[in-house]
Amino acid sequence: MAMNNDNILEVRDLRISFGTYAGEVQAVRGVSFDLRRRETLAIVGESGSGKSVTAKSLMRLLPEANTIFKGGEAIFDGRDLLKLSEKQMQRVRGPKIAMVFQDPMTSLDPTMKVGNQISESLRKHLGMSRAKARERSVELLKLVGIPNAEERVKQYPHQFSGGMRQRVVIAIALACEPQILIADEPTTALDVTIQAQILDLLRELQEKIGTSVILITHDLGVVASVADRIAVMYAGKIVEMGTVRETFYDPQMPYTWGLLASIPLPTADRSQDLIPIPGSPPDMSDPPKGCPFTARCPYAMRVCPTEFPEYTTFSAEHKAACWLHHPMAPNVEPPARVGGTR
Amino acid sequence: MTEQNGHALLEVKDLKKHFRVGRESLKAVDGISLEIQKGETLGLVGESGCGKTTVGRILVRLYEPSAGEVLFAGEDVHRTRGNEAKTLNRKMQMIFQDPQASLNPRMVVSDIVAEGIDIHGLAGSKKERLDRVHELLETVGLSKEHANRFPHEFSGGQRQRIGVARALAVEPEFIVADEPVSALDVSIQAQVINLMRRLQKERDLTYLFISHDLSVVKYISDRVGVMYLGQLVELADSDELYANPLHPYTQALLSAVPVPDPDYESERERIVIKGDLPSPVNPPSGCRFRTRCPQAVEAAAHIDPPWREAKPGHWIQACPCFA
């Protein structure tokens, strides 16, 4: 399979559904993106937009019982991750692609000493001896900024604070220097001052190890501070994608406009109302046939509910799916608050 | 204690709440004084464990304070009993963070909203009760048809609207909103914030708005208080606080907030504070922030910093480090 050499991962037309008692929920409906070497790609969207499902499917962490794989591929290292056997996948998960979850307490084993949790992957994947792995665990804890690491490896997760636990999780994820790190809301459960520490740490480690990062978040502030590129997801589809600057300063579709306009900026005029997006996201067990944002879109046209628009390309990186860019569509200006926040 | 003696609806004097944890006591709130003026929104920010929720809960009598007092329109909230206490309950309401957990899953919306109406006997007949429920639902942007449904049939944003309708049902004067939008997606957040602002204007409500989201707090609040380990470290007009933070903790907190503006983010200098929050069971002596403070001085350990008005309306805990 031919792959652009700048890319470490190529995802094409990923489709995933879940079987529920109420019928099939179409969580991801044709998602395609590339992950470049050493970049941070942010996938943003609201709850239910399919961002976490996309990430988990790459790690093959979705529950087998009710996940319906509808199609698509994810090429990494010349192989399609979605077609690997569980055994092959075990050699990818950890050493090649690692993941950091939102809640550090549930991703650590409460009954196991922190040091052993780090050593586990070192011994399994890198074949280190017990002593060597222990030594390396201490180094890793130091690397992620945990003071008194020699003592700390002998402690249990409950003896760590939330921020420290997330550092441990990051240490485990980076233990084998993976090529891709998937961080699913890594700072959402943390306070802002701790969040700043963790984001700094991720940035620093990324530079040191050269990992590519997929950052999944709903926090556009976090995206602006760490990401290189951004993919905006809505109702299981990527609706806009571009460099962070392009997407924040020159967004090209009404959902992205709405997202940017609905967050209060520190510079916001308090006498003005916020501009919310009316309504709520569509029911994914019966997703709309056309553009899923139609029902909430102030610019919706007759064509919108009938067919999902093609992507319009604005630059090498920047594209968006919106009928407003069709030659026959009326010319619409984004709301004043969007596209230049200062 | 605090600034203007205008029309303080609520006065909080040296409030303390210590929880027993085994043999020790956890000082969740440790000496807070402030006033909330009628019709204003006071924002309370701080990181988890700073005591902001505890303050809110004491104000609406969900907790008894360990020391200090809360005066609502001159009346000591925690000394009233009987009918007077019931009246106070009606005047002070609360909106909770998690709209899933704060609505009884076995009750239909009309009963949830009308519970306060029933308790306080605000409706003379069944028809009047139902009319009020319908009116309230429409006020918060839901419709009459929603009255007979159960909470699980609603989205998060709609559930939070039900929580708002329930609080409004008894025609309160003062509402404590504890992280009312934190569990909501940004696009829905804006809907609920706009709703709360509109209701405040229409009904002359007074809010205590508790949140860890500094941008949201700044936007909705007239004044903002910053808490750290059970104490207020700074209190000022919202614009003033964000433009000229004086306390090192406020400065660090504000500089840690990521702003959705890539150019701004790439240029800004962050004050990254080291370490974690000390335990509120054994808070540091003197200035509580000194163990993490980038400007800490020796003297901070020995002097309990006084609460002082640095400039008109701008109060800080005057630690020796910036004396």
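**Notes on strand pairing**

1. Strand 3 of chain A pairs in the parallel sense with strand 8 (residues 212-217) of chain A, and five bridges connect the two. Within this pairing, A:Ala42 has A:Leu215 of strand 8 of chain A as its bridge partner. It should be kept in mind that the model is predicted.

2. Strand 3 of chain A also pairs with strand 9 (residues 229-234) of chain A, again in the parallel sense, over four bridges. Here A:Ile43 has A:Ala231 in strand 9 of chain A as its bridge partner.

3. How many of the residues of strand 3 of chain A are buried? Five of the five are buried, and the strand, which spans residues 40-44, is mostly covered. A:Thr40, A:Ala42 and A:Val44 point one way, whereas A:Leu41 and A:Ile43 point the other way.

4. Elsewhere in chain A, four strands form an open sheet with antiparallel pairing, in the order 2-1-4-5. Its edge strands are strand 2 (23-36) and strand 5 (79-80) of chain A, each of which pairs on one side only.

5. At one edge of this sheet, strand 5 of chain A is joined by two bridges to strand 4 (residues 67-76) of chain A, and these two strands run antiparallel. A:Ile75 stands opposite A:Asp80, a residue of strand 5 of chain A.

6. Which strands does helix 1 of chain A lie across? Helix 1 (residues 51-59) lies across strand 1 (7-20), strand 2 and strand 4 of chain A. The helix runs at about 110° to strand 1 of chain A.

Key. Residues numbered from 1 in each chain as written. Chains lettered and ligands numbered in written order. Predicted model: local features only at pLDDT ≥ 70, side-chain atom pairs only at ≥ 80, totals over all residues. Heavy atoms only, no water. Pairing = 2+ DSSP bridges. Contact = heavy atoms within 4.5 Å. Axes fitted to C-alpha atoms, helices over the stretch in contact; angles between N-to-C directions. Buried < 20%, exposed > 50% of the residue type's maximum accessible area, 1.4 Å probe, protein only.
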